[in-house]
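Hi! Here is the structure I promised to pass on.

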Amino acid sequence: MTTNHFFFFFLTSPIPTNNAHNNTTTTPINQNKRNIYPTKKAHALMEYAKQEKSNDVANQMMEEMFHRYFEKGDNINSEGVLAEIANKVGIDEASAKEAVQDDKYLYEVNEKDKLYKQQMRISGVPFFMIDRKDGQRPIGFSGAQPIDIMAEQLEEATEE
């Protein structure tokens, strides 16, 4: 079984947000304590985990990062928070703190980010990517689109 995940990470400065949208998910999202934090350090730690441990460890860490950010409202740019997360999945805190400051991992994050944006032709935000039901190349479009355009793209993605 394939699981599709949609990830929204921001490589920007912290911006306070006030999300008043109605939450209908089964996992409670902490809407009262939500800020947007830069995620380069979190991504650097993920690179470290993939290279020095395994993809499984990196996936466990990603799940914990999502829990800490979306459910608890924690700052996943904080070296202390990242060290706690790493420790929870079996990476010692000192190694985690070194990894998030290591230019090697930060450089790899930036290079992968640039390459991915080029490959997907991402040139603006917001950017939407929708997996197709038939397994063909995902549908991607950039910018704030009218509802009818977005509905058309969603319909196309569900066609077999």
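The accessible surface of the chain comes to about 10,700 Å², and carbon and sulfur atoms make up 50% of that. Areas like this come from the Shrake-Rupley method with a 1.4 Å probe, and for residues only the protein chains shown count as cover. Of the 160 residues, 29% are buried (under 20% relative accessible area; exposed is over 50%, and partly exposed is in between, with a 1.4 Å probe and protein chains only).

Before you go on, keep in mind that this is a predicted model: local features need pLDDT of at least 70, side-chain atom pairs count only at pLDDT 80 or more, and totals for chains, interfaces and linings use all residues. Residues are numbered from 1 along each chain as its sequence is written, and side-chain values use heavy atoms, with hydrogens and water left out.

Now the layout. The chain has six helices and four strands, in the order β-β-α-α-α-α-α-β-β-α. Both kinds of element are DSSP runs numbered from the N terminus: helices are H or I with at least four residues, strands are E with at least two. Among contacts (heavy atoms within 4.5 Å) with a separation of 6 or more, 53% join residues 24 or more positions apart.

What sits inside? The largest nonpolar core has 23 residues; such a core is a set of buried Ala, Val, Leu, Ile, Met, Phe, Trp, Tyr and Cys residues joined through side-chain atoms within 4.5 Å. Two or more residues each come from helices H1 (40–52), H2 (55–71), H3 (79–88), H4 (93–101) and H5 (103–119), and H1 gives the largest share, six. Leu45, Met61, Met65 and Ile91 have the most contacts inside the core. Take Met61: beyond its neighbours within four places in sequence, Met61 touches Leu45, Met46, Ala49, Ile85, Ala86, Val89 and Ile91.

After H3 comes Gly90, with a positive phi near 95°.

Finally, find Arg137 in the loop between strand E3 (127–130) and strand E4 (139–142). Is Arg137 buried or partly exposed? Partly exposed, with a relative accessible area of 49%. Its side chain reaches the backbone oxygen of Gln119 at 3.3 Å. Leaving out neighbours within four places in sequence, Arg137 contacts Gln119, Met120, Arg121 and Arg132.

Happy exploring!

Note on methods: Polar contact = N/O pair within 3.5 Å; in protein donor to acceptor, adjacent residues only side chain to side chain.
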